[in-house]
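Okay, my turn. Let me put the model up, and then I'll walk you through it.

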Amino acid sequence: MPQDMIENLTFDEIQVGDQAQLERALTLQDIKLFAIISGDVNPAHVDEDYARSSRFHEVVGHGMWGGSLISTVLGTQLPGPGTIYLGQTLRFLKPVKLGDRLTVVVTVKAKDSDGQQVLLDCECRNQLGEAIISGEARVLAPREKIRRPRWLAPEVHLAERTHLHRLMAAALEESALATAVVHPVDALSLRGALDAAEAGLIEPVLVGPAHKIQAVAEQEGLSIDAYSLIDTPHSHAAAEKAVALVREGRVQALMKGSQHTDELLRAVVKKDVGLRTERRLSHVFAFDVPTYSRPLFITDAAINIYPSLEDKRDIVQNAIELAHALGIEVPRVAVLSAVETVTPALPSTLEAAALCKMADRGQIKGGLIDGPLAFDNAVSPQAAETKGIVSPVAGQADILVAPDLEAANMLAKQLEYLGGAEGAGIALGARVPIILTSRADDAITRMASCALAVLFDRFQRAGGFQQGKVK
C-alpha cells in the first residue's frame, strides 16, 4: 500500500496470528509534548536536576507514551481505521529512556465472531530486546473496508525560550545594579522596576513626581517604602536628574519609565552635562527565537532612523560588545539588505561591503562580519547553501544589522508577534547601559532587559568597555 494511504483490516479479513508493528525512538521533544498534552509534569520526566536524584538517575519517558504507541498501531494498522477501543491492560516492566528505540508489536490472539470483538497481545521492546511494556487490548473491529489518504501531521516547534532564562540566571549571580528608574508614573513601568528589584536584578532609585509615583503604587497595591524616591516636577526634570545621578556615581544604569524614549535620550546626549562618549548611541534587541538555535540580536530598531556609514560602524561595535558581555566570544554579524550582491541601486549593499572592509582594517573589532546578506541567507544554512554563499556568518548569524530603523523595527516585531520570539532591549554607547522598554512589553521582557544591563555593567567593570573617551 502506498505510504500516503491508510487502510484497515475488516473483522472478516483478520486472522488469529496476524501482526503489525512500528518503531519509534523517544526524544526530548516527545517527552515535552506528551507533558503538555497530558498535563503530567512529574519532575521525573521534565526536570533534569530532580531526575538525577531519582530512582533511574536520569529523565525517563512517561509510561503512557509507550502505551500510546500501542494505540497508534491499533488505530492505523491492525485493525486500523474504524476500530473502537474496548479495553486495555498494561504492565510497565522497565523505563523508557531518552534515545531508546521501541518496537511495538501487536498480535491477534482471538476473535469473537458473535460480538465482532478481537483480542490482541501487545508488547513493546527496546533496542536491546528488553521487554518494556506488555498487555492485552480488546477492540471492536470494523466491518467495512476503509482506505483514506494518510493525514500529514504538521511540524511542531516548541516555543522554548531558554536563552532569556539563562541570561537572567547569569545576571542573578551578580550584585543588584543601582538603577535610576525615570518617571515611572504608570502601573507597567513601576511594576516592571519593582519586579526586577524583587528578583535581585536592580536596586531602583525612583525618579519623578513623587505624588504620581505614590498614587500609582497605592492604586496597584505596590510597596515602594524600601526604595529611594527622588521628587521632580515633571518628566523632563526626571530625565535630567537621573543623568545627574549617573555623573555623581550614585547609579550605574538608567531605566525608562513612562516617558517617551527621545525625551530621556535628549538628557543623555546633552553636551557637558550628559552621558555621551565618542561612540554613537544605539539600541540592541536580544531575542530568544523558538526556531533558532542561538540568541539573535537585532540593531538598531529604536534610536537611529537613517544611520550613516559612520553611525553603522558604532551600531555594529555596540552590538558586538553586548554579545561579548553575554559570553559570545566571536559573534557573527550579518549586515542585511534585500540581496546578497553589491549593487549601486541599493545603497545598503554598498554600506554593507564598506563595513566588512572596515572590519578587515580593524575599524570594527571583536566579531566576524559579512554582508550584504538577505535575511534568509543570514539565518538559514539551507538558503545560504542554495545561493552558493560560502561564509562563516551566513546561515548562523548572531547579530543582524538592519539598513535603517524602519527595517529593524519591523523585523523585531514580526519575530515577536508572528514568530513567538521574546526579546529584551538595551541602549548602548553612553557611559552606562540604558534599559529601554515599551508599554507593550511583558514581565519577562522587562526583567530580561534589566539582566542585559547587569551583564553589560559587569563587562564594563571587567575592562571590556571599548567605547572610547567620555565627551
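Predicted model: local features only at pLDDT ≥ 70, side-chain atom pairs only at ≥ 80, totals over all residues.

Numbering runs from 1 along each chain as its sequence is written, and side-chain values use heavy atoms, without hydrogens or water.

So, packing. The largest nonpolar core has 57 residues; by that I mean buried Ala, Val, Leu, Ile, Met, Phe, Trp, Tyr and Cys joined through side-chain atoms within 4.5 Å. Buried is under 20% relative accessible area, exposed over 50%, partly exposed in between, with a 1.4 Å probe and protein chains only. Leu190 and Ile369 have the most contacts inside that core. Helix α15, residues 443–464, gives the largest share, eleven residues; helices here are DSSP runs of H or I, at least four residues, and strands are E, at least two, numbered from the N terminus.

Now α11, residues 347–360. Its buried residues include Leu355, Cys356 and Ala359. Lys357 and Asp360 form a salt bridge at 3.7 Å, N to O, where the cut-off is a Lys or Arg side-chain nitrogen within 4 Å of an Asp or Glu carboxyl oxygen. The two sit three residues apart, about one turn of the helix.
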